[in-house]
Amino acid sequence: MMRFVGKRAVVTGGASGIGRATALRLVDEGAEVWIGDIDEAGGRELAETSNGRIHFQRTDVMQVAEIEALMVAADAAGGLDVVFNNAGAGGSRDKIDVISAEDWDRTQALLLRSVAMGIRYAAPLMAARGGGAIVNTASIAALQTGAAPTAYSVAKAGVLHLTTLAAADLSRHNIRVNAVCPGFITTNIFTAALGLDADKREAANGMIRGIAADAQPLQRAGRAEDIAAAVAYLASDDASFVTGTHITVDGGMTIGPRHSWDVEAPSLFAALEKFAS
């Protein structure tokens, strides 16, 4: 499929993980992509190996002016068509009864304000050319407890609601806004949140893959490419009648409690049936 020929896209957090996989997917389908990231080495390496299809601009999404500059750079090349607001990290791991106001604000700025400002500065540029598609990275943590720390989960829930509100606000400009909710995807976000050294990350990622394969009905760990495929769909004309919603890509993790798919798992309903018989 070549769904993005002649289109220009912005991907924040594009130097690694889900952002990198999505940038490569969009390029494979014909797009020219601008990636913004604070990882200069990773971003430049990706750009240098892309035959001119990927452009890197150092972008710290905590700095609103840098978000705006990234959108303007892509638009200046011929118009901005697609934005994937993806940059983020684990944020504070503190529980609500001990988290500081500063750590709370920092996490919300990184994971929620950055998305809002990505939409804010992309929308006028897209409107000027007759429309576009915006996709935001949320999380299954926006849908349930136990999937991530409190501040992260609240921010991602905010991303989901922001997505629906922005879709309503921007529909008059023919701009679609949707979100993707990743589940257990084996990227370095987990090891980075724990502050692990590089030499420990691969061992930790191997452990994560093993745990992930047993954490949901589909018995393999999620890959960044799984999310990239969903983002590419939402950003493409195949989803031209889809806005204000989200796609959950989690291997079925949010289907329900474990006994929903594992017959060996304890189940209150099964216990009551056994008692009744």
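Strands β2 (32-37) and β3 (54-58) run parallel and are joined by five bridges; helices (H or I, at least four residues) and strands (E, at least two) are DSSP runs, numbered from the N terminus. The structure is a predicted model, in which local features need pLDDT of at least 70 and side-chain atom pairs count only at pLDDT 80 or more, while totals for chains, interfaces and linings use all residues. Residues are numbered from 1 along each chain as its sequence is written, and side-chain values use heavy atoms, with hydrogens and water left out. Helix α2 (40-48) lies across β2 and β3 and runs at about 160 degrees to β3. Axes here are lines fitted to C-alpha atoms, for helices over the stretch in contact, and angles run from 0 to 180 degrees between N-to-C directions. Helix α8 (residues 224-235) also packs on the sheet, where it touches β4, β5, β6 and β7, and its direction makes about 165 degrees with that of β6.

The open sheet has seven strands in the order β3-β2-β1-β4-β5-β6-β7, with parallel pairing; two strands pair if DSSP finds at least two bridges between them. At the edges stand β3 and β7 (246-249), each with a single partner strand, so one side of each has no neighbour in the sheet. Direction ignored, neighbouring strands of this sheet are turned by 15 degrees against each other on average.

Helix α3 (residues 64-76) has 13 residues, which at 1.5 Å a residue should span 18 Å, and its end C-alpha atoms are 19 Å apart, which agrees. The expected span is 1.5 Å times one less than the number of residues. The buried residues of α3 are I67, L70, M71 and A74, where buried means under 20% relative accessible area, exposed over 50%, and partly exposed in between (1.4 Å probe, protein chains only). Seen down the axis of α3, these buried residues fall within an arc of 95 degrees, so they line one face of the helix; the arc is that of the directions from the helix axis to the C-beta atoms. The face turned away from the buried side of α3 carries the exposed residues A65 and A76. The cover over the buried residues of α3 includes β1 (8-12), β4 (82-85) and α4 (101-128). After α3 comes G78, whose phi is positive, near 140 degrees.

The largest nonpolar core has 34 residues, and those with the most contacts inside it are V10, M71, L80, V83 and I134. Such a core is a set of buried Ala, Val, Leu, Ile, Met, Phe, Trp, Tyr and Cys residues joined through side-chain atoms within 4.5 Å. The largest share of this core, nine residues, comes from α4. Leaving aside neighbours within four places in sequence, L80 is in contact (heavy atoms within 4.5 Å) with residues including V10, M71, A74, A122 and L125. Apart from this core lies another, of 29 residues, among them V11, I18, A21 and V27.

N51 lies in the loop between α2 and β3 and counts as exposed at 76% relative accessibility. N174 lies in the loop between α5 and β6 (175-182) and is exposed, with a relative accessible area of 52%.
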